[in-house]
Amino acid sequence: MMIQLRKDLRFLTIAAIVLMVIGAIAPQSAIGAAHGKAATAGGGSKEMRDEADWRAERARQLSAPDGWLTLVGLEWLKPGKNTIGLAVDNTIRLKGHAPEHLGAIEVEGSQLKLVAPEGGFPKFLFLDGQAAHEGPLVSDDGKQSLISTENLSIVVLHRGDRFALRIKDSQSPTRTAFRGLHWYPAEAKYRVTAKWIPFVPAHTEKIPTIIGTTLDMPAPGLAEFTLDGKTVQIEPVLEDPSAKELFFILRDATSHTTTYQSARFLYADFPDHGLDQPGTVVLDFNRLRNPPCAYTPYATCPLPPYINRLAISIPAGEQRYKDRE
């Protein structure tokens, strides 16, 4: 009997010691796990805040007084004199709040000139921030001239062998009725590190546009990545020779249902070893964005090259724009 009691006491003593050790270790393990979760949650929260800030800035830029939501016209200029204004006798008729006769643009070959209407320029018309005056205009081939009033801004675009006026109105209904953008939830899986395969030498890609013209744009290489078990290659271009970012114009299978039908745009930093060396490039598809054509019929957007017309779905980034709910 006594022997059994001593055995029971010994067992209870050992059990108590074990429980004390477990009690001492468990809180430390719990704290370690809590720190891990907190670090993960904190990192996730920061990423979510960064993404929310980026998306808010995207909406602010679109709806700014000179943003894409203010675009109200794309008017092609004809050789000779093109009169501009609200009145019905103008070659190019403006809408909304605009002068009856703003002035005229004369086109002679590749030369453009702003000329005054009968009676002179309107009082609140400006050319490059100064009171409007007759003289040459520069298209987007150079330091672009800006014609403006209190709410209008007008610039000249050179597309192929033609010139057009891009007209923006800060009081446009598209801007004043703006109710925000629509996005897929951000997911880590759609931020990928892609293999960079340079073209040696780089070549020029012919990029089609929504208005039927073609743009010659430098194409430095390919980005290759795997998504949902499928290996994909996409080709960026440079918006101009001095560009500091890669510009991807692409379309994926979501364009049939939830994203803009023609294309979406993605910008990425240059590859880690430069454009002309193999390396890696980070592609964050959570930041896929709609082109200007998604918001206005007056933009001249590029379309994806064939290689960037993807059969896979990338349900990330910006969804189709809804101008009314």
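Q: How many salt bridges does the structure hold?
A: This predicted model holds nine salt bridges.

Q: What makes Arg55 and Glu51 a salt bridge?
A: The closest N and O atoms of Arg55 and Glu51 are 3.4 Å apart. A salt bridge requires a side-chain nitrogen of Lys or Arg within 4 Å of a carboxyl oxygen of Asp or Glu, so the pair qualifies. Both Arg55 and Glu51 are buried.

Q: Why are Arg55 and Glu51 separated by about one helical turn?
A: The two residues belong to helix α1, which spans residues 2-62, and they are separated by about one helical turn because they stand four residues apart in that helix. Together with Arg287, Glu51 and Arg55 are linked in a network of salt bridges.

Q: How do you know that Arg58 and Glu318 form a salt bridge?
A: Their closest N and O atoms are 3.3 Å apart, and the limit is 4 Å, so the pair counts as a salt bridge. This pair links distant parts of the chain, with Arg58 in helix α1 and Glu318 in the segment after β18 (279-284), 260 residues apart.

Q: Why are Arg58 and Glu318 called buried?
A: Arg58 has a relative accessible area of 9%, and Glu318 has 1%. Buried means under 20%, and therefore both Arg58 and Glu318 are buried.

Q: What makes Asp284 and Arg191 a salt bridge?
A: The closest N and O atoms of Asp284 and Arg191 are 3.9 Å apart. This value is within 4 Å, so the pair is a salt bridge. The pair links distant parts of the chain: Asp284 is in strand β18 and Arg191 in strand β12, 93 residues apart.

Q: Why is Asp284 called buried and Arg191 exposed?
A: Asp284 has a relative accessible area of 15%, which is under 20%, so Asp284 is buried. Arg191 has 53% relative accessibility, which is over 50%, so Arg191 counts as exposed.

Q: Why does Ser172 count as buried?
A: Ser172 lies in the loop between β11 (162-169) and α2 (173-176). Its relative accessibility is 1%, under the 20% limit, and therefore Ser172 counts as buried. Leaving aside residues up to four places away in sequence, Ser172 touches Leu69, Thr70 and Val72.

Q: Why is Asp128 called partly exposed and Asp228 exposed?
A: Asp128 has 46% relative accessibility, between 20% and 50%, so Asp128 counts as partly exposed. Asp228 has 55%, over 50%, so Asp228 counts as exposed. Asp128 is in the loop between β6 (126-127) and β7 (130-131), and Asp228 lies in the loop between β13 (214-227) and β14 (230-234). Phi of Asp128 is near 55 degrees, a positive value in a residue other than glycine; phi of Asp228 is also near 55 degrees.

Q: What makes the surface patch of Glu239, Asp240, Glu245 and Asp269 negative?
A: The patch is formed by these four residues, and it is negative because Asp and Glu count as negative. One of them, Glu239, lies in the loop between β15 (236-237) and β16 (245-250).

Q: Why is Glu239 called partly exposed?
A: Glu239 has a relative accessible area of 45%, which falls between 20% and 50%, so Glu239 is partly exposed.

Q: How do you know that the peptide bond from Val200 to Pro201 is cis?
A: Its omega is near 0 degrees. Pro201 is found in strand β12, residues 191-208.

How values were computed
Residues are numbered from 1 along each chain as its sequence is written. This is a predicted model: local features need pLDDT of at least 70, side-chain atom pairs count only at pLDDT 80 or more; totals for chains, interfaces and linings use all residues. Side-chain values use heavy atoms; hydrogens and water are left out. Buried means under 20% relative accessible area, exposed over 50%, partly exposed in between (1.4 Å probe, protein chains only). Contact means heavy atoms within 4.5 Å. Patches are made of residues with over 30% relative accessible area and no salt bridge: like charges are joined within 9 Å, nonpolar side chains (Val, Leu, Ile, Met, Phe, Trp, Tyr) within 5 Å. Accessible areas come from the Shrake-Rupley method with a 1.4 Å probe; for residues, only the protein chains shown count as cover. The place of a charge is taken as NZ of Lys, CZ of Arg, CG of Asp or CD of Glu.
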